[in-house]
Number of protein chains: 2
Amino acid sequence: MADPKRTRNTHKRQRILRAIQAAGCHLTAGEIRRRVGRDGLAIGLATVYRALAAFARAGLVESVSLGGRATRYGLAAEHHDHVVCLECGRWQPLRRCPAPRAPRDAAPGFRVTGHRLEFFGYCGECR
Amino acid sequence: MADPKRTRNTHKRQRILRAIQAAGCHLTAGEIRRRVGRDGLAIGLATVYRALAAFARAGLVESVSLGGRATRYGLAAEHHDHVVCLECGRWQPLRRCPAPRAPRDAAPGFRVTGHRLEFFGYCGECR
DNA sequence: ATACGTGCAAAATGTTTGCTCGTTT
DNA sequence: AAACGAGCAAACATTTTGCACGTAT
């Protein structure tokens, strides 16, 4: 199964992680690239994707894809769930995670390592 | 906000819904197209997407995107959550939905109409 | 020294849109 | 008749890959 391989400690990868951390919420690959670039470090998009894949493999980062839109990446250590407005697309993190650690009726032998939960509906302004 | 518009009752749209219903689980747009086609009715992919968007607007269908892979669509009336293996990618529906109707700390005024929950980890065979 | 990271451009996916014409209401 | 659905091809956005070279371990 997934060996939690460690990733190499390069300057760019540090900056990618730092950008996600500084954001405090989930970012898309493009946003990450832009933020790192804005701080004076040019970086290829492919590099961002490869770094994110490595981080995810290592269990550092979790990915969330909110229906259709680009996938977002956040620190696994700062897991949180989301509420998404179907109309305007805005989404907000939840403080409390309302899901159980593991479902009651998972397949036998399945080891749950995480989850991803999004509530959707319509925000006050869009109703 | 989203007026639950009714969609027109065309032959193709009926077949799309029937395909999803017959499958009993979430399908991708491509799978739907293939199944409808296999039953002798050629249909364009754009048509499938537009129909699904209309169904979603009408609240008939819900969409789920399991990290990276293509978005899957299922009947909203037969909502269920999933368990996904990070190694082999196989996923299974859960009988019981372990999420609450709505989170405690959603933004005020937010009306929750649904959710989407996926547990992930490693299945018995991949561990 | 070796395995891994990076950039670039190209390719592969998945999804949406413009236009024209057909069908439902 | 009017509004919406369908088909096709082109456009789009996102993500992945091949290759040549650089860097961390």
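View 1. Sugar or phosphate accounts for 63% of the atoms of DNA strand D within 4 Å of the protein, and bases make up the rest. The model is predicted: local features need pLDDT of at least 70, side-chain atom pairs count only at pLDDT 80 or more, and totals for chains, interfaces and linings use all residues. Residues are numbered from 1 along each chain as its sequence is written, chains are lettered from A and ligands numbered from 1 in the order in which they are written, and side-chain values use heavy atoms, with hydrogens and water left out. Around DNA strand D there are 18 residues, the closest being A:Y49, A:T71, B:K12, B:T47 and B:R50. A residue is near a strand or molecule if one of its heavy atoms lies within 4 Å of it. The surface near DNA strand D holds seven nonpolar, five polar and six charged residues. Here Ala, Val, Leu, Ile, Met, Phe, Trp, Tyr, Cys and Pro are nonpolar, Asp, Glu, Lys and Arg are charged, and the others, Gly among them, are polar.

**View 2. Polar atoms facing DNA strand D.** In the side chain of B:R50, an N or O atom is 2.8 Å from a base oxygen of DNA strand D. For A:R50, a polar side-chain atom lies 3.3 Å from a base oxygen of DNA strand D. Three helices each supply at least two residues of the surface near DNA strand D: α3 (45–58) of chain A, and α1 and α3 (45–57) of chain B. The most comes from α3(A), with four residues. Helices (H or I, at least four residues) and strands (E, at least two) are DSSP runs, numbered from the N terminus.

View 3. Of the 18 residues around DNA strand C, the nearest are A:K12, A:R13, A:T47, B:Y49 and B:T71. Sugar or phosphate supplies 64% of the atoms of DNA strand C within 4 Å of the protein; bases supply the rest. The side chain of A:T47 brings an N or O atom to 2.5 Å from a phosphate oxygen of DNA strand C. B:T71 places a polar side-chain atom 2.7 Å from a phosphate oxygen of DNA strand C. B:N9 uses its backbone, with an N or O atom 3.5 Å from a phosphate oxygen of DNA strand C. Two or more residues of the surface near DNA strand C come from each of α1 (11–23) and α3 of chain A, and α3 of chain B. The largest share, four residues, belongs to α3(B). By class, the surface near DNA strand C has seven nonpolar, five polar and six charged residues.

View 4. A:H82 sits in strand β4 (residues 82–85) of chain A. Its relative accessible area is 1%, so A:H82 is buried. Buried means under 20% relative accessible area, exposed over 50%, and partly exposed in between (1.4 Å probe, protein chains only). The side chains of A:H82 and A:H80 make a polar contact at 3.4 Å. A polar contact is a pair of N or O atoms within 3.5 Å; within protein, one must be able to donate a hydrogen and the other to accept it, and residues adjacent in sequence count only if both atoms are side-chain atoms. Neighbours within four places in sequence aside, the contacts of A:H82 include A:H26, A:V64, A:W91 and A:F119. Contact means heavy atoms within 4.5 Å.

**View 5. B:Q21 in helix α1.** B:Q21 belongs to helix α1 (residues 11–23) of chain B. B:Q21 counts as partly exposed because its relative accessibility is 47%. B:G74 is 53 residues away along the chain, yet the C-alpha atoms of B:Q21 and B:G74 are separated by 7.7 Å.
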